[in-house]
Amino acid sequence: MTHPQSLAARASDPPPIPAVRADETGMPRRPMLLWVRSGTAHVRLDDAAPYCLERGQGIWIPAEGWRDRVIATEPGTVAFPLLPQATVGAGAPGTPTRFDVPGGWQDWLIQHFNLQVTPYSAHGYPQGAIADLLRPAGRRHGERDPDIALSAPTVPRAGGARALAEELLRDPALDLTLEQWASRVLCSARSLRRGFVADTGLTFEQWRLACRLSAAVELLAAGYDVDQVAARIGFASRNGLTRAFKQRFGRTPHEFGKEVLRQVATGGAATLGERATAARQTDAMVSMLGPGETRAAPDLLPATRTPPHANESHVLTWVYRGSGYLDIGDQRYERERGVATWIPAGADHVTVLRENSVSLPLGNASTGDLQLTEPLQARFSPSWDDYLMFCSVSARSRLRPVDYDPRHILGLFAEQVAAQRALSVPMPTEPRARAAAIDYLRRLGAPGGSPALDVPVEVHRAFRDQTGMTFARWRYAARMRIARDLLVGGAKPSSVARRLGYAHLPTFSTAFSRFHGMSPREYQEREAGQS
């Protein structure tokens with residue numbers, strides 16, 4: 001069990017939460033449930049009087065009946081925009097509806113936002129079982145059938161095409177032309193067409209149909225009827241889905257659904273996959289808008305996991321409630337309440353949340369902005385909850401400040417790391433000396449070179465008077481004590497050396513041995529034996 005570069009808690013206050021504004025004029029219309037966790041939000045539809053929502057209140061906005069939608073929040077507000085599938089089925093109000101969010105639903109709504117913007121899902125209906133149901137008559141189990149492709153189609157690598165594909169995977173019912181998509185993902189229609197054919201071997205239209213049929217298989221296996229599935233995945237009618245499904249799989253969706261139900265009745269699997277999970281979540285969310293007797297929240301939040309995957313950029317994710325873990329190769333990194341973890345770009349990994357746990361993504365960083373080869377963690381106190389939720393909503397939705405800078409999360413994390421590192425070393429109290437110490441700790445091992453060491457004579461004197469060490473000796477002690485904490489947390493000596501600015505492992509090992517009386521490996525093995 002590995003705890004990557006774990007750091008102690010910080011008691012300082014988070015930054016203030018700014019006001020935000022999201023003008024969705026001209027954007028594709030989708031239903032939305034907006035929930036205000038704290039503060040005040042205002043929603044204006046066309047020229048009507050705005051709705052004012054206070055803490056604990058929400059509003060359901062259907063996809064139709066309005067042209068322009070503007071959302072604005074006052075400073076200090078955390079509001080979650082929840083976007084269900086384009087067609088949510090029967091039961092959803094056809095007009096804007098304001099309501100109070102029951103207390104038991106609030107963490108569930110936060111987790112629903114997480115499921116909406118990350119690849120978390122429950123375990124799916126076994127692919128082998130579905131393949132058997134769809135395999136043409138006379139073909140034996142295990143025999144290769146090039147016409148049976150049950151998983152979602154390959155996602156293009158090109159930026160604009162990839163963004164389009166990922167949005168369609170989340171909601172196959174989105175019915176935009178390629179020109180409309182081009183405007184939405186800031187890419188030309190020609191580039192999108194070229195990206196799909198080059199990376200997937202399919203035209204955009206072929207890829208979208210494959211995406212919708214893959215979703216149909218999963219929803220039918222979860223027990224939805226043909227009409228519900230057709231509406232949820234973007235077919236104009238049941239007949240359209242039936243024709244496409246039969247042409248693709250050799251049987252009608254109704255026949256396939258009946259066979260799934262028969263298998264479940266005789267003891268087969270009945271768990272939900274990613275799309276079916278999202279559909280059930282949407283159904284539950286709509287039930288919250290109904291009469292009191294239908295508004296009971298789920299008893300527990302289910303355990304969730306991502307499929308094995310790698311990110312193109314570093315991703316920062318934070319555990320708001322409960323616990324989970326991150327698996328990279330044969331290493332398991334535990335994630336606890338309050339811990340934010342940078343997941344390195346390019347690392348194949350699986351992230352898991354245990355039952356009754358909630359996590360949220362806080363932002364991304366490019367490999368040029370952050371040098372990271374293994375997970376890096378910092379712990380935030382509960383006083384940061386609202387601010388970090390605000391960061392997550394800003395990073396993964398259009399509800400963000402006008403001057404939003406996605407790189408701000410790098411500075412926020414660096415400040416947190418510096419404050420927590422300060423707990424491992426004696427700190428001067430004189431303001432200028434303390435500022436120099438924090439600056440050194442924040443920039444230690446950061447991209448762009450070593451921290452500046454040129455400080456006034458008065459600062460050197462304050463270090464000697466208040467810590468008993470010269471500034472140079474204090475820097476050495478800081479590096480060695482931080483190295484000790486990282487080694488205890490499970491980081492490899494080579495990684496610790498890089499994080500602390502040593503170009504070569506032997507140089508770091510010699511400095512560590514001189515300070516602690518043993519090598520980094522010996523220290524790590526001794527601490528592991530005592531735990």
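A residue counts as buried when its relative accessible area is under 20%. In this predicted model, Ser-313 has a relative accessibility of 18% and therefore falls into the buried class. Ser-313 sits in the loop that links strand S9 (304-305) to strand S10 (314-321). Its side chain forms a polar contact, at 3.3 Å, with the side chain of Asn-364. Beyond its neighbours within four places in sequence, Ser-313 is in contact with Ile-343, Ala-345, Ala-365 and Ser-366 as well as with Asn-364.

The protein chain has 531 residues, 49% of which count as buried, and it contains 18 helices and 16 strands. Among contacts with a separation of 6 or more, 74% join residues 24 or more positions apart. The accessible surface amounts to about 24000 Å², with carbon and sulfur atoms contributing 51% of it.

Turning to the interior, nonpolar side chains in soluble globular proteins tend to be buried together. Here the largest nonpolar core holds 57 residues, and the members that touch the most others are Leu-34, Phe-80 and Trp-342. Helix H11 (residues 385-396) supplies the largest share of this core, with 6 residues. Another core lies apart from it and comprises 35 residues, including Met-427, Leu-441, Ala-483 and Leu-500.

With residues up to four places away in sequence left out, Phe-80 touches Leu-33, Leu-34, Trp-35, Arg-37, Ile-110, Phe-113, Leu-360, Met-389 and Val-393.

Methods:
Residues are numbered from 1 along each chain as its sequence is written. This is a predicted model: local features need pLDDT of at least 70, side-chain atom pairs count only at pLDDT 80 or more; totals for chains, interfaces and linings use all residues. Side-chain values use heavy atoms; hydrogens and water are left out. Helices (H or I, at least four residues) and strands (E, at least two) are DSSP runs, numbered from the N terminus. Buried means under 20% relative accessible area, exposed over 50%, partly exposed in between (1.4 Å probe, protein chains only). Contact means heavy atoms within 4.5 Å. Accessible areas come from the Shrake-Rupley method with a 1.4 Å probe; for residues, only the protein chains shown count as cover. A polar contact is a pair of N or O atoms within 3.5 Å; within protein, one must be able to donate a hydrogen and the other to accept it, and residues adjacent in sequence count only if both atoms are side-chain atoms. A nonpolar core is a set of buried Ala, Val, Leu, Ile, Met, Phe, Trp, Tyr and Cys residues joined through side-chain atoms within 4.5 Å.
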